[in-house]
Amino acid sequence: MSQSKSYAGAQEGIDVSLSKSYAGALEGIDASLITLEVAVMQGTRFFMVGLPDSAIKESQQRIEAALKYFGYRIPRKKVVINLAPADLRKEGSSYDLPIAIGILSADGQSSFKKELLSQSLMMGELSLDGQLGPIRGALSMASMAKTEGFKRFLLPKQNAEEASMVEGIDIIGIEDLQEAVQFLNGDKVIAPTPLSLRLKRNVKKNNYQIDMEDIKGQVTAKRALEIAAAGAHNVLMIGPPGAGKTLLGKSLPSILPALRTEEALEVTKVYSAGGHAGSDNPVIFMSPFRSPHHTVSEVGLVGGGSFPRPGEISLAHHGVLFLDELSEFKRNVLESLRQPMEDRQVVISRSKMRAAFPASFMLVASMNPCPCGYYNHPSRDCNCSSSAIVRYLGKISGPLLDRVDMHIEVTPLPPDDMVSTKLGTSSRDIRNRVEVARERQEKRFAPYRGVHNNSMAPPSLVRKLFILSNKEREYLRKVMETIKLSARAYDRILKVSRTIADLEGEENISSQHLMEAVSYRNLDRGNWAFAHTR
């Protein structure tokens, strides 16, 4: 299938030599098979067809230099390279290696073994001296290669550990073009890259900059964040400057459980597709934490581009998206979060392609209560007018706020807490409680595909599994009537209540659980901004 073939043309003396090699193209975080067909015939020009981008078109110069460095050459004939399927756009420099191998095979400069060439997927960017540079999407490519029935995947050594997470296919790390040629000729044996012990142990590393025990006071806020971590709930913290909102938000990853293997693979695919995976940490086992600046664009947050790349919400998949100073973000940027928060994915459509990126993230946000920041401060006066406060809080739309499970009011620390040397509960102790609650949720949702925690439960499962007694149902009805909650907020109160019960090891949701959950809906109460002055 992949060996060089020669055919006599219609006119005497005209020969066409053909060769095939195989690569992959990223579509979102998944990969599609690309067949590279190389034809060498009479003529003098070099053609690249099949919707290649500029980086692929420029590969001729890189490939020619790399071939010459190792004593090979570009044929002084007409060379036609087709990237099939021809209607799928291809981008990037990762096709250099399979193109170079295809040229050598079609021109007869190297005799590759049929069983090696036809059963190998290849990717890699060539430098001018033939060294291979890293690629994006190695994990996705390896998964696709296994699905398509290939026996091995040749790729740069820098990506080999990442790709080794896929079992059932040999991952061959290559240093340069010459090593790839020798391997495919059968002249050199390269052992497949095993799953590194370093990757297996990586899940045990807990290197965090901020520990919960270092945060003074804020017992109520810490309790709320523990509940949020246990059920993967969205949180909004509101309070004056210096109260500790940012510190609390940045400490949240320290109490989150490690990712399950399936989650780690999904997150790594996203980072690899976006070009964010590093050789020092090729597989991500800890929950991601993303904190974009408030000047981030809509494309930067959600994802996009002519060749779509994942945005911050996808890079926060199975982790935390922390939006500090929420009211300073552009309104259209914030509104773009609404659909992904419900669907847990974002679909980016272009005229010639469509890409879907996962986006199951915890939204954690913080903001001041007014423009000056000191509304309801115990010792400082607020100089904002009532209308200014209403406009400021109005920057966060009702539909977006309705999607936030918990609203936490963070108050300034009293002097006694500031000077205290007493440490609070450590992140490790909190994380242990969170992990136990998550295990209960995993068991509860085991029969239901795609649901792993309380926040992910669809309305049908909320009705089926989060059952209230008549007493609790009547209490919640009165709350809804008083606060005028939406149906979405009703479901979210039930989910938070269920998480509180899980943390306490209770089988049923009690009135106390419901009351605590309702207490975290501060901004649902009409005229919240003036409640303290009445």
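This is a predicted model: local features need pLDDT of at least 70, side-chain atom pairs count only at pLDDT 80 or more; totals for chains, interfaces and linings use all residues.
Me: Which strand does E15 join through four bridges?

Reply: That strand is E18 (residues 362-367), and the two run parallel. Leu321 has Leu363 as its bridge partner in E18.

Me: In what order do the five strands of the open sheet lie?

Reply: The order is E12-E15-E18-E11-E19, with parallel pairing. E12 (289-290) and E19 (406-409) are the edge strands; each has a single partner strand, so one side of each lacks a neighbour in the sheet.

Me: Which way do the residues of E15 point, and are they buried or exposed?

Reply: Val320 and Phe322 point one way from E15, while Leu321 and Leu323 point the other way. All of them are buried.

Me: How is a pair of aromatic rings described?

Reply: Such a pair is described by the distance of the centres and the angle of the planes. A search of the whole structure gives four aromatic pairs. In one of them, the ring centres of Tyr69 and Phe70 are 5.3 Å apart and the planes stand at 85 degrees, so this pair is edge-to-face; the cut-off for that class is over 60 degrees.

Me: How exposed are Tyr69 and Phe70?

Reply: Tyr69 has 54% relative accessibility and therefore counts as exposed. Phe70, at 22%, counts as partly exposed. The cut-offs behind these words are over 50% for exposed and under 20% for buried.

Me: Where does the charged end of Arg89 sit?

Reply: The charged end of Arg89 sits over the ring of Phe307, 4.4 Å from the ring's centre. Another case is Arg380, which lies over the face of Tyr374 at 4.0 Å from the ring centre.

Me: Why do residues three or four places apart in an α-helix point the same way?

Reply: An α-helix has 3.6 residues a turn, so residues at that spacing point the same way. A helix to look at here is H22 (residues 487-503), with 17 residues. From its first C-alpha to its last, H22 reaches 25 Å, close to the expected 24 Å.

Me: Is H22 mostly covered or mostly uncovered?

Reply: H22 is mostly covered, with 14 of its 17 residues buried. Just after H22, Gly505 takes a positive phi of about 75 degrees.

Conventions: Residues are numbered from 1 along each chain as its sequence is written. Side-chain values use heavy atoms; hydrogens and water are left out. Two strands pair if DSSP finds at least two bridges between them. Rings of Phe, Tyr and Trp (its six-membered ring) pair if their centres lie within 6.5 Å; planes under 30 degrees apart count as stacked, over 60 as edge-to-face and the rest as tilted. Buried means under 20% relative accessible area, exposed over 50%, partly exposed in between (1.4 Å probe, protein chains only). A charge sits over a ring if NZ of Lys or CZ of Arg is within 6 Å of the ring centre and within 35 degrees of the ring normal. The expected span of a helix is 1.5 Å times one less than its number of residues.
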